[in-house]
Amino acid sequence: MKMISPDRVQLSADEARTLSINALKKAGFDDEQAGVIAGHVLDAALCGYEYSGLPKLLNVFEHRNLRQTRRKLRAVHETPVSAMIDGGNNCGMYTLMRAAEMAIERAQQHGFAVIGMNNSWMSGRGAIFVETIARAGLIGIHTVSSTRHVAPPGGAKAAYGTNPLSFGFPTAGDPFVIDMGTSAFMSTDLQFRERRGEQLPEGVAIDAQGRPTRDPTAMRNGGALLAFGGYKGFAMAMAAQALGVFCGSGNDQEQNYGYLMMAMKPDLLMPLADYRKQLSENLARIKATPRLPGVEEIRLPGERSFREREQRLREGIVIDKFIYDALLAVPAGQLPPLL
């Protein structure tokens, strides 16, 4: 750990992983879950998403579901190409990685797989799941219906979640990854700004009276986030909501959380090598689009994250000193045992 200013510290990737695993194990996570969750937040930090990085562990430790009974994952319905999984009230950063692995295994055997999951919470950054699927030579699709933070256009109260959508595609190089929320601002970033005493951007939230606000605390106390892109973002969120119902959100303890994980072999329709080549050529053509004055590059979704990851693996990550101190000071034994 290196102090770079009175309130910011620099950590190598190994130091950040160790800090995260130790905090998770002190809180009661076993070695397997601690390793998966630590890997998730570290990858978010390496990709340049500080709010989804190590600070997100504090969100996990504060989550209302944390101290409720947890159980091992179990399949409640299965076919050769599908499974409905009860997440056992475990953290979604762990359960969804297991769902991605299940989807890969089934799709590699049968060409296609769909995994639904409920009874889980805080799945984190969806890009890591679809990237994992794409690196296995498969097309990955992941959708989430989540806890109610967002008001529909014209609504004065939160009615649905930030409902992100993620896609991963194999190419001749790194996977092509698309990961986006359907809200104008993500709830994890809101919590991060609240911790730091920072304001929200204009036009992304309302307070409990339905008035525009930049105060993250006012939004969290009865307010709501707004939809990204008005009705278009709302429509995409409703697609994720409908897929969440398909994945059993109605059976979730909050009737909010429903996770879809899909994997498809490109050779269902064309040879994988041809798909990789043709998609790579398509993306290269788009990147070669003539640019407007002052534009240095046509940047594709996911490119910045991959570049950031390479750089930060060499140089380390930077976090707030109070986040570092809070992770060191996590009290022991918060979680009930896994049944």
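Across the whole structure, a search turns up 25 salt bridges, each being a side-chain nitrogen of Lys or Arg within 4 Å of a carboxyl oxygen of Asp or Glu. The model is predicted: local features need pLDDT of at least 70, side-chain atom pairs count only at pLDDT 80 or more, and totals for chains, interfaces and linings use all residues. Residues are numbered from 1 along each chain as its sequence is written, and side-chain values use heavy atoms, with hydrogens and water left out.

**Stop 1: Asp-43 and Arg-309**

Select Asp-43 and Arg-309. Their side chains form a salt bridge, with 3.1 Å from N to O. Asp-43 sits in helix 2 (residues 31–46) and Arg-309 in helix 10 (residues 303–315), so this pair ties together parts 266 residues apart in sequence. Helices here are DSSP runs of H or I with at least four residues, numbered from the N terminus.

Now check accessibility. Asp-43 is buried at 12% relative accessibility. Arg-309 is buried too, at 13%. Buried means under 20% relative accessible area, exposed over 50%, and partly exposed in between, using a 1.4 Å probe and protein chains only.

**Stop 2: Glu-131**

Glu-131 belongs to helix 5 (residues 127–135) and Arg-309 to helix 10, so the pair links parts 178 residues apart in sequence. Glu-131 is buried, with a relative accessible area of 9%.

**Stop 3: along helix 10**

Select Glu-308 and Arg-312. Their salt bridge has an N to O distance of 2.7 Å. The two lie four residues apart in helix 10, about one helical turn. Arg-312 is partly exposed at 24%. Glu-308 is buried at 18%.

Then widen the selection to Asp-43, Arg-125, Glu-131, Arg-135, Asp-174 and Arg-309. Salt bridges with shared partners join them into one network.

**Stop 4: helix 2 against helix 10**

Show both helices. How do their axes cross? The axes of helix 2 and helix 10 come within 8 Å and cross at roughly 105 degrees. Axes are lines fitted to C-alpha atoms over the stretch in contact, with angles from 0 to 180 degrees between N-to-C directions. Helix 2 and helix 10 are therefore roughly perpendicular, a label covering 65 to 115 degrees.

Finish on the contact (heavy atoms within 4.5 Å). Asp-43, Ala-45 and Leu-46 of helix 2 meet Glu-308, Arg-309, Arg-312 and Leu-313 of helix 10.

Conventions:
Parallel < 35°, antiparallel > 145°, perpendicular 65-115°, else oblique.
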